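Thanks for coming. I will go through one structure this morning, starting with a single loop residue and then moving to the rest of the fold.

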Amino acid sequence: MNQQRIAHHVFFTLKERTPEATTALVAACHKYLNMQAGIVYFAAGPLCKELDRPVNDLDFDVNLTIVFDSKASHDDYQTEAMHLQFIAENKATWAKVRVFDSYV
């Protein structure tokens with residue numbers, strides 16, 4: 001049986017909205033979050049400030065996008081040790097985190 005993929009989008013707004021803090025969080029995403037089982041696509045990067053049309057939401061500093069091969073892989077990722085370590089080491093820097101999950 002084919003399972004639907006899950007797109008997991010996380011938008012981080014930092015307490016310290018500096019280029020250095022943004023670069024550090026992007027690096028942490030790459031260090032901890034791109035090797036879990038079931039990942040078929042991974043990307044992490046800073047807000048593209050040049051795209052500032054009225055429909056663009058600019059209230060974030062870093063985007064993390066992961067596409068999982070199934071909901072089961074997504075669910076396993078949530079409790080995976082590297083994911084939990086990423087949260088523990090970085091959550092103090094976050095002012096706001098928004099998560100958008102969808103089938104794709």
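Please find Q36, which sits in the loop that runs between α1, residues 19–32, and β2. Before going further, note that this is a predicted model. Is Q36 buried or exposed? Q36 has a relative accessible area of 8% and is buried. The cut-off for buried is under 20%, so a value of 8% qualifies. The side chain of Q36 has a polar atom 2.8 Å from the backbone oxygen of Y32. What does Q36 touch, if we leave out its neighbours within four places in sequence? The contacts are Y77, E80, M82 and H83.

Next, helix α1, which is where T22 is placed. T22 has 12% relative accessibility and counts as buried. With neighbours within four places in sequence set aside, T22 is in contact with L14, P46, D61 and V62. Of these contacts, L14 belongs to the range of strand β1, residues 6–14. P46 falls in the range of strand β2, residues 39–46. V62 is in strand β3, residues 62–68.

That brings us to the sheet. It is an open sheet of four strands, in the order β2-β3-β1-β4, with antiparallel pairing. Which strands are at the edges? They are β2 and β4, the latter covering residues 94–103, and each of them pairs on one side only. From one strand to the next, the twist averages 10°.

Now look at β3 within that order. On one side, β3 pairs with β1 through seven bridges, in the antiparallel sense. In this pairing, V10 is found opposite L64 of β3. β3 also pairs with β2, again antiparallel and over seven bridges. There, Y41 is opposite V67 of β3.

How many residues of β3 are buried? The count is seven of seven, so the strand is largely enclosed by the rest of the structure. The burial applies to both faces of β3. One side carries V62, L64, I66 and F68, while N63, T65 and V67 are on the other, and all are buried. C29 is buried, at a relative accessible area of 0%, whereas C48 is partly exposed, at 36%.

Last, helix α3, residues 81–90, which holds I87. I87 has a relative accessibility of 27% and counts as partly exposed. I87 and L51 are 36 residues apart along the chain, and their C-alpha atoms are separated by 29 Å.

Terms used
Residues are numbered from 1 along each chain as its sequence is written. This is a predicted model: local features need pLDDT of at least 70, side-chain atom pairs count only at pLDDT 80 or more; totals for chains, interfaces and linings use all residues. Side-chain values use heavy atoms; hydrogens and water are left out. Buried means under 20% relative accessible area, exposed over 50%, partly exposed in between (1.4 Å probe, protein chains only). Helices (H or I, at least four residues) and strands (E, at least two) are DSSP runs, numbered from the N terminus. Two strands pair if DSSP finds at least two bridges between them. A polar contact is a pair of N or O atoms within 3.5 Å; within protein, one must be able to donate a hydrogen and the other to accept it, and residues adjacent in sequence count only if both atoms are side-chain atoms. Contact means heavy atoms within 4.5 Å. Axes are lines fitted to C-alpha atoms, for helices over the stretch in contact, and angles run from 0 to 180 degrees between N-to-C directions.
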